[in-house]
Amino acid sequence: MTLLVLIVLLSGCASLPSEADPDRAHLALTRALADRDCPAARDAVEGLARHGQAGGVTAQARLETAFLCLVSDAPVPAFEQSHRFIQDFPSHPDLDYGFYLRAMARYGSWKALHAEGAPAPDARQDTALAREAFILFRELVQRFPDSRYRDEVAGYLMDLREGMAAAEVRQARLQLAQGNARQALARAEYVHEHFATTQALADALSLMVEAHRILGHDDAADRARRRLEIRFPDRAIP
């Protein structure tokens, strides 16, 4: 009888660590959030997920961690956490918030490329991040037209359009300097066609004039020059 009791007690003790692990992970998450420690919060969330915590607990933990990482200038883990939230909880009542955080995280990664003191960004990475953030913001608006985050999106979309247009112009200018007038012209025309309301349009028209002249397209160069003079009189090219 004594041996049986001892076996039962030992069996119970053996299960204690696995039952306590989720509690420790939850405590670690609470501390990490209080300390604004993004890496620690991310580790704690994964600990909760590994131990099969209730969906509501893990969902809230991922949202809070994504927000913490976002405001801590850590957009990559913020994207990871918000993306996992969207994947794991597609019917959650705060799903639009997850979409918002995910878009903001990509926007944050793009803005980091242009931080003061940062080296000139790689043109392809610049364009890719801006385009992805734009698509994610647009998806938020389309899927959740009544979301309370909708009104914030317009400003970000405008900023991203300006960024994408400027990146195209930088690439066009580089290609022109390298002697690739046709490729430069194609990029400049792309900006003229798709980003006509951005500040980069003046540079795009100027590049079109230069590229057409190099290619011997005198009439096309004159048309581009006249458009530049009409839209931007201070940027007139003789």
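These notebook entries follow what I looked up in the structure, one topic at a time.

**Entry 1: the model**

I began by noting that this is a predicted model, in which local features need pLDDT of at least 70 and side-chain atom pairs count only at pLDDT 80 or more, while totals for chains, interfaces and linings use all residues. Residues are numbered from 1 along each chain as its sequence is written, and side-chain values use heavy atoms, with hydrogens and water left out.

**Entry 2: the disulfide**

I then looked up the cysteines, counting a disulfide as a pair of cysteine sulfur atoms within 2.5 Å, and by this rule I found one disulfide. A disulfide is a covalent bond between the sulfur atoms of two cysteines. Here Cys38 is joined to Cys69, with 2.0 Å from S to S, and the link is right-handed, with 95° about the S-S bond. The two cysteines come from distant parts of the chain, 31 residues apart, since Cys38 sits in helix α2 (residues 38-50) and Cys69 in helix α3 (residues 55-71). I noted that helices are DSSP runs (H or I) of at least four residues, numbered from the N terminus.

**Entry 3: salt bridges**

Next I looked up the salt bridges (a side-chain nitrogen of Lys or Arg within 4 Å of a carboxyl oxygen of Asp or Glu), and the structure holds 14 of them. In one of these, the side chains of Arg42 and Glu80 meet at 3.7 Å, N to O. Arg42 belongs to helix α2 and Glu80 to helix α4, so this pair ties together parts that are 38 residues apart in sequence. Arg42 is partly exposed at 29% relative accessibility, and Glu80 is partly exposed at 36%.

I also wrote down the salt bridge of Glu139 with Arg102, whose closest N and O atoms are 3.4 Å apart. This pair links distant parts of the chain, with Glu139 in helix α6 (residues 123-143) and Arg102 in helix α5 (residues 95-113), 37 residues apart. Glu139 counts as partly exposed at 26%, whereas Arg102 is buried at 8%.

A further salt bridge brings together the side chains of Asp126 and Arg170 at 2.4 Å, N to O. Asp126 is in helix α6 and Arg170 in helix α7 (residues 150-177), 44 residues apart. Asp126 is buried, with a relative accessible area of 0%, but Arg170 is partly exposed, with 37%.

**Entry 4: Gln81**

Is Gln81 buried or exposed? I found that Gln81, in helix α4 (residues 75-88), has 2% relative accessibility and so counts as buried. Its side chain makes a polar contact of 2.8 Å with the side chain of Arg62; a polar contact is a pair of N or O atoms within 3.5 Å, where within protein one must be able to donate a hydrogen and the other to accept it, and residues adjacent in sequence count only if both atoms are side-chain atoms. Leaving aside neighbours within four places in sequence, Gln81 is in contact (heavy atoms within 4.5 Å) with Arg42, Val45, Glu46, Arg62, Thr65 and Ala66.

Definitions and conventions
Buried < 20%, exposed > 50% of the residue type's maximum accessible area, 1.4 Å probe, protein only.
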